[in-house]
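Subject: Structure for you to look at, with notes

Dear colleague,

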Amino acid sequence: MSFSEALGMGEFRPNTKVDFGKIVEVRSTRGAFVAFEGTDGVGKSTQIKLAADWVKTRGWEVVTTREPGGTNLGRQLRELLLEAGETTVCEGQVAPRAEALLFAADRAQHVAELIVPALNAGKIVISDRFMASSVAYQGQGRDLGPKEIRDLSLWATGGLTPNLTVLLDLDPEIAWERQQNDETRVSPDRMEGEGLEFQRKVRARFRRLAEGNETWMVVDASLAPEEIAAQVRLRLASVLPVMKSW
């Protein structure tokens, strides 16, 4: 049985000709890993909270986290990556390849320090973004190559991929309008400030990643929040009982 099959991670098969390093050690049938993806302004924070609250009612211990920023190192990298040019931490722009490597570093630490220990403890991990964001934002948005960025992230995570990826899909122009009307929103970060054309490229890659992938679900993010949450709960219900068999 392969690593991905043992963990219930779907059909991913690493390229055996690529040395991804040591595969992370995760005991099978322990916990479950869910990632929420989408362009900026689609409502990920709201849906993650609703999903986590529901999973808790099912008797699971839930860990909610985000990328970048899920660890102490990640929080420092988040400041570098998303606030560069606006603070004294990092003056000037971050080069695209440096940006991709910093995101990969954050992800490697995130997996080793938080995600894998939580899964091994039988917890449900729900993350605001994971490697699909790098493939979409750096691979497509920054034109660094989706495959190259995917391989980099797989090496950083030791092959770990989510059991379920929820893509909240929305026209970037509608998402931008939402952000403008959000009174609680602070100044846009570097990614949010890249403009609509950049966000359209990112959205297109997210949709391509989801095509034909049984471990993904695509939800129309223009729906009412509770309607979205109901769809997510239905899919989560098909994942959790399988993982709770131990």
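The notes below go from the chain as a whole to single residues.

This is a predicted model, in which local features need pLDDT of at least 70 and side-chain atom pairs count only at pLDDT 80 or more, while totals for chains, interfaces and linings use all residues. Residues are numbered from 1 along each chain as its sequence is written, and side-chain values use heavy atoms, with hydrogens and water left out.

The chain as a whole

The chain has nine helices and five strands, where helices (H or I, at least four residues) and strands (E, at least two) are DSSP runs numbered from the N terminus. Read from the N terminus, the order of the elements is α-β-α-β-α-α-β-α-α-β-α-α-β-α. Of the 246 residues in the chain, 48% are buried; buried here means under 20% relative accessible area, exposed means over 50%, and partly exposed lies in between (1.4 Å probe, protein chains only).

The annotated site and its surroundings

The unreviewed UniProt entry places the feature "binding site" at Gly38, Thr39, Asp40, Gly41, Val42, Gly43, Lys44 and Ser45; UniProt positions are given in the numbering used here, feature names are shortened, and annotations may be inferred rather than shown by experiment. Thr39 sits in the loop between strand S1 (32-37) and helix H2 (44-57), and it counts as buried because its relative accessibility is 2%. Not counting residues up to four places away in sequence, Thr39 touches Arg129, Tyr137, Leu170, Gln199, Val202, Arg203 and Phe206. Gly43 is in the loop between S1 and H2 too, but with a relative accessibility of 29% Gly43 counts as partly exposed. With neighbours within four places in sequence left aside, Gly43 is in contact with Leu168 and Arg178.

Tyr137 belongs to helix H5 and is buried, at a relative accessible area of 4%. Leaving aside neighbours within four places in sequence, the contacts of Tyr137 include Gly38, Thr39, Asp40 and Arg129. Tyr137 and Arg205 are 68 residues apart along the chain, and their C-alpha atoms are separated by 8.5 Å. Arg129, in the loop between strand S3 (124-128) and H5, is buried with a relative accessible area of 10%.

Helix packing

Helix H5 (residues 131-141) packs against helix H6 (residues 146-157) at an angle of about 145°, with the axes 8 Å apart; axes are lines fitted to C-alpha atoms, for helices over the stretch in contact, and angles run from 0 to 180 degrees between N-to-C directions. From H5 the contact involves Met131, Ser134, Val135, Gln138, Gly139 and Gln140, and from H6 it involves Pro146, Ile149, Arg150, Ser153, Leu154 and Thr157.

In helix H7 (residues 172-180) the buried residues are Pro172, Ala175 and Gln179. Seen down the axis of H7, these buried residues fall within an arc of 60°, so they line one face of the helix; the arc is that of the directions from the helix axis to the C-beta atoms. Helix H8 (196-210) is included in what covers the buried residues of H7.

Backbone points to check

Most residues other than glycine have a negative phi, and most peptide bonds are trans. Arg129 has a phi near 85°, a positive value in a residue other than glycine. Asp143, which is not a glycine either, has a positive phi of about 60°; Asp143 is found in the loop between H5 and H6 and is exposed, with a relative accessible area of 56%. The peptide bond from Glu67 to Pro68 is cis, with omega near -10°, and Pro68 lies in the loop between strand S2 (62-66) and H3.

Definitions and conventions: Contact = heavy atoms within 4.5 Å.
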